[in-house]
Amino acid sequence: MFSKLKNIFARSPKVSRVQAMDAFTKRYASFKVLLQANADLANLMAGLEATLSGNRHLETEEVRKEARRAIFHCENMVTALGKMSNRHNTDLENIVHSIATRIETELKQHTRGDITQFTLPLTEVDASMAYSVGGKNANLGELSNMLDMPVPRGFAITVRAGSYFLLRTSGLFKTLLSLLRSIDPEKPAEIRAVSRNIEKLVLQAPVPEDMAQALFAEWDTAFGKDSATVVTALRSSAIAEDGIQSFAGQYRSILGVTRQGLLTAFKKVVASLFSPRALTYRAEHGYALDATGMGLCCLEMVQAKAAGVVFSRHPVDLRSNAIVINGLWGLGESVVDGTGTPDQWLVSRATRKITKATIAHKTVRLHLTRTDADDVESILEQVPDTLADVPCLSDEQVRRLADMVMELEEHYQYPQDMEWAIDEDDQIILLQTRPMGMDNAAAEHAPPKLGGLRPLLAGGDVAARGVGCGPIVPVGDGEDVTHFPEGAVMLLAHSSPNAMAAMRRAAAIVAETGSLTGHMASICREFAVPTVMNMPGATSLLSPGQIVTVDALSGRVFNGEVPELLSLRLRRPQSGGNSPAMVLLRRIAPYILPLHLVDPRAETFTPRHCTSLHDIMRYVHELSYVRMFQISDSVTDNSAGVACHLICAVPLDLYVIDLGGGLRMPEKRETYPEDVCSLPFKCVLDGMLNPAVQARGPRPVNMRGFLSVMGQSVIGGNQEGCSRFGQHSYAIISDRYLNFSSRVGYHYAILDCWCGDTLNKNYIRFEFAGGAAAGTQRERRVRCIGIILHSLGFSVEITGDRLRARYQKYPRTEVCARLDQLGRLLIMTRQMDMLMVDEEAVQAYATKFLNGEYH
């Protein structure tokens with residue numbers, strides 16, 4: 001390494017100031033672009049994760065826009081890295097292109113308006129098609145085609161069919177629009193009057209012939225030889241402007257529909273778009289009154305022995321860990337609309353054991369019957385006395401329904417409301433599933449009153465919401481977390497994605513510092529681990545094994561168990577878990593959000609192991625540090641034409657190259673500390689010029705160490721890899737950037753830093769190697785420096801007599817404090833190897849430095 005560095009600083013052709021400055025500023029400009037793109041991409045990914053977890057709403061077009069922005073920022077990072085390196089990284093560019101192509105393929109599928117047919121078989125429908133067929137159809141298609149669950153025979157009538165009917169009938173839509181625009185939403189009587197007029201107009205309008213033929217053809221295909229006798233239910237399958245909305249109970253469903261009654265039933269369901277309650281609902285929730293986005297779902301009616309609903313979570317008690325199953329004899333309409341008192345079972349989500357069964361006295365049931373006119377209608381009849389107090393489900397059926405609804409929740413990643421029926425062969429048939437509507441009052445838990453209980457720590461930033469409790473287990477930087485105990489609270493000095501291996505086992509995470517848009521915060525949200533960051537003093541106040549409750553709703557940590565908080569640990573998910581936007585986001589998220597490249601030292605930290613934009617971001621960000629770290633390698637004595645000589649009481653021949661905003665008068669050949677505007681360089685100089693560091697007379701030298709250095713120099717024992725460097729030191733600076741290279745005698749130190757207001761961009765990288773003493777003393781010196789830097793919060797890696805350290809993603813004030821300490825350390829490390837005469841000296845000198853004893 002040292003011979004290579006000697007070659008770097010060998011004589012090179014004289015370059016002009018313009019040429020040299022151009023080379024420096026181009027690399028620095030590309031670095032700034034890369035850092036900004038990294039910060040923008042981190043913020044964007046945090047927003048997508050918030051959307052996935054239900055804490056943010058996006059429409060489908062916004063998901064597409066955000067995904068393409070993510071690709072754009074990632075491509076910018078790769079391009080900027082190439083400019084910093086003066087070469088294209090073809091492998092990296094190809095991988096980004098490959099990931100972007102996969103994302104674009106998903107984005108271009110099933111966009112609004114891509115289905116032109118009036119009908120579709122349910123076998124061709126899935127959840128991503130909600131904009132074309134409505135939510136009910138999309139979910140039924142998903143159940144059957146993706147999950148192989150039992151659903152009735154049937155077909156989807158597309159959103160285009162509903163709109164076509166309203167638009168193609170001469171003058172119909174124009175009249176409807178005029179009536180709707182005349183409505184005053186504050187006057188219910190006016191809404192009812194307009195609604196009656198519209199319903200009359202819709203029912204009188206003829207269904208276009210081409211559309212009628214398509215409906216009958218699909219009916220015949222779906223039901224085959226039973227076409228003339230089959231009985232169906234025709235239900236709304238509506239969408240709203242911002243995606244699928246259930247509009248539960250707002251639109252009409254018609255039971256007992258036969259082939260001959262299909263067109264009339266179709267018009268009745270479409271007319272319900274403009275029913276008084278649907279118009280009132282849209283007005284109150286801010287939807288356009290003239291919305292025409294409705295599909296219809298035509299399903300064979302199950303001659304149900306029993307029917308009902310299942311909730312994968314308790315719909316009222318969000319703290320319950322129970323699945324709730326309600327059921328009645330006959331058709332399930334009275335369960336759905338709440339007119340009947342059903343049997344109810346509570347089933348454990350964890351074990352699937354029935355924890356409670358409440359069997360109602362059931363007096364009536366709903367069933368289908370044919371009239372003399374060959375119509376079909378539903379009627380109420382008395383439940384036989386022998387069945388009135390008998391459960392409508394067997395225990396085996398209860399557990400099977402519980403398994404099904406949990407499979408759906410896992411698939412949709414959101415609590416589900418599932419309708420079911422038991423047919424005449426005792427088989428379970430699923431009629432629909434949709435996201436559970438949760439109690440709005442539980443949307444945000446107010447912090448409970450805790451009496452006189454005071455938190456150990458407060459004011460932290462919530463990175464991932466929730467509540468967790470367990471014993472404290474500190475995890476050091478780079479520490480093996482393979483055996484991190486299940487249910488413990490992970491305590492970190494600084495956020496680190498390296499902790500990912502144990503996150504799933506952690507009850508909660510507390511970090512003294514960290515970025516809410518950083519890699520670790522992203523993973524915490526992905527794994528739903530309650531996480532609080534930026535809690536100064538956490539590592540000193542919290543003890544290993546101490547039981548704490550982490551309130552990652554308010555950013556607090558309490559001693560012991562706090563039952564009032566633990567009752568909130570099952571936080572309420574937000575609505576929309578099943579919308580087209582969420583379906584699309586879940587399809588593209590694997591190509592954007594997961595982070596697999598967490599350890600730069602791993603053999604897998606290569607472009608070919610990048611499978612997401614997050615991986616690319618992490619890889620490029622890491623390499624950018626390396627490229628900037630090497631910027632001082634391009635400086636030689638021939639670069640003096642671009643440098644100012646710094647005149648100050650520092651024992652270095654120091655030259656400064658200003659990339660912009662670093663000096664008051666960069667064109668002068670000499671400059672002084674008071675002319676420095678660069679924040680990081682100013683902090684380093686403050687440390688170097690600290691009066692306590694400046695030597696007051698000859699520095700005490702251990703004679704044994706001194707003779708060792710002289711002996712090594714005379715016999716050439718340090719020649720291998722330790723050739724003598726030139727005496728110049730350089731600081732390449734801007735207002736927020738510093739690359740400081742000090743090469744004195746037989747050792748060198750390089751410090752590379754960004755120090756600004758954006759926490760995600762801030763970092764310090766420091767490298768130290770070499771020396772004139774024997775190898776043992778040089779190694780002791782870097783171990784002494786390592787102890788000091790580790791105590792200051794750096795992650796440290798030592799190989800032989802070489803030390804590498806990093807400190808990144810901390811606030812500007814913390815970075816400035818470390819730069820000041822590094823300035824002091826750079827002064828004190830000169831000839832320190834002469835003092836490292838034994839192992840005791842390593843810890844002794846580190847302790848003295850940390851205590852402010854520099855001489």
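A residue counts as buried at under 20% relative accessible area and as exposed at over 50%, with partly exposed in between, using a 1.4 Å probe and protein chains only. By that definition both Y807 and Y810 are buried. This is a predicted model, in which local features need pLDDT of at least 70 and side-chain atom pairs count only at pLDDT 80 or more, whereas totals for chains, interfaces and linings use all residues. Residues are numbered from 1 along each chain as its sequence is written, and side-chain values use heavy atoms, with hydrogens and water left out.

**Confidence**

- The chain has an average pLDDT (the predictor's confidence in each residue, from 0 to 100) of 79, and 78% of the residues score at least 70.
- Confidence is highest in helix α10 (residues 209-223), at 95, and lowest in helix α23 (residues 703-715), at a mean of 39; helices (H or I, at least four residues) and strands (E, at least two) are DSSP runs, numbered from the N terminus.
- The pLDDT is below 50 over residues 240-249, a stretch that has 27 contacts in the model beyond near neighbours in sequence, where contact means heavy atoms within 4.5 Å.
- Residues 439-444 also have pLDDT below 50, with eight contacts beyond near neighbours in sequence.
- Where pLDDT is low, the predicted coordinates should not be read in detail.

**The open sheet**

- Seven strands form an open sheet with mixed pairing, in the order β14-β18-β17-β16-β15-β19-β20, where two strands pair if DSSP finds at least two bridges between them.
- Because β14 (461-464) and β20 (556-559) stand at the edges with a single partner strand each, one side of each is left without a neighbour in the sheet.
- From one strand to the next the twist averages 35°, with axes taken as lines fitted to C-alpha atoms (for helices over the stretch in contact) and angles running from 0 to 180 degrees between N-to-C directions.
- Strand β14 runs antiparallel to β18 (residues 531-533), to which three bridges join it, and D461 has M533 as its bridge partner in β18.
- Strand β15 (residues 466-474) pairs with β19 (residues 547-552) in the antiparallel sense over six bridges, with V550 in β19 as the bridge partner of G468.
- Strands β15 and β16 run parallel and are joined by three bridges, and here I472 stands opposite V489 in β16.

**Surroundings of H494**

- H494 lies in strand β16 (residues 489-494) and is buried, with a relative accessible area of 16%.
- A polar atom of the H494 side chain lies 2.9 Å from the backbone oxygen of Q808 and a polar atom of that side chain lies 3.2 Å from the backbone oxygen of K809.
- Apart from its neighbours within four places in sequence, H494 is in contact with T513, Q808, K809 and Y810.

**Aromatic pairs**

- The whole structure holds 14 aromatic pairs; rings of Phe, Tyr and Trp (its six-membered ring) pair if their centres lie within 6.5 Å, with planes under 30 degrees apart counted as stacked, over 60 as edge-to-face and the rest as tilted.
- The pair of F31 and Y763 is edge-to-face, because the ring centres are 6.1 Å apart and the planes stand at 90°.
- Since F31 lies in helix α2 (residues 17-52) and Y763 in strand β27 (residues 763-770), this pair ties together parts that are 732 residues apart in sequence.
- F31 counts as buried at 0% relative accessibility, and Y763 likewise counts as buried at 0%.
- The rings of Y807 and Y810 have centres 3.9 Å apart and planes at 10°, so this pair is stacked.
- Ring pairs link Y28, F31, Y737, W754 and Y763 into a cluster.

Terms used: A polar contact is a pair of N or O atoms within 3.5 Å; within protein, one must be able to donate a hydrogen and the other to accept it, and residues adjacent in sequence count only if both atoms are side-chain atoms.
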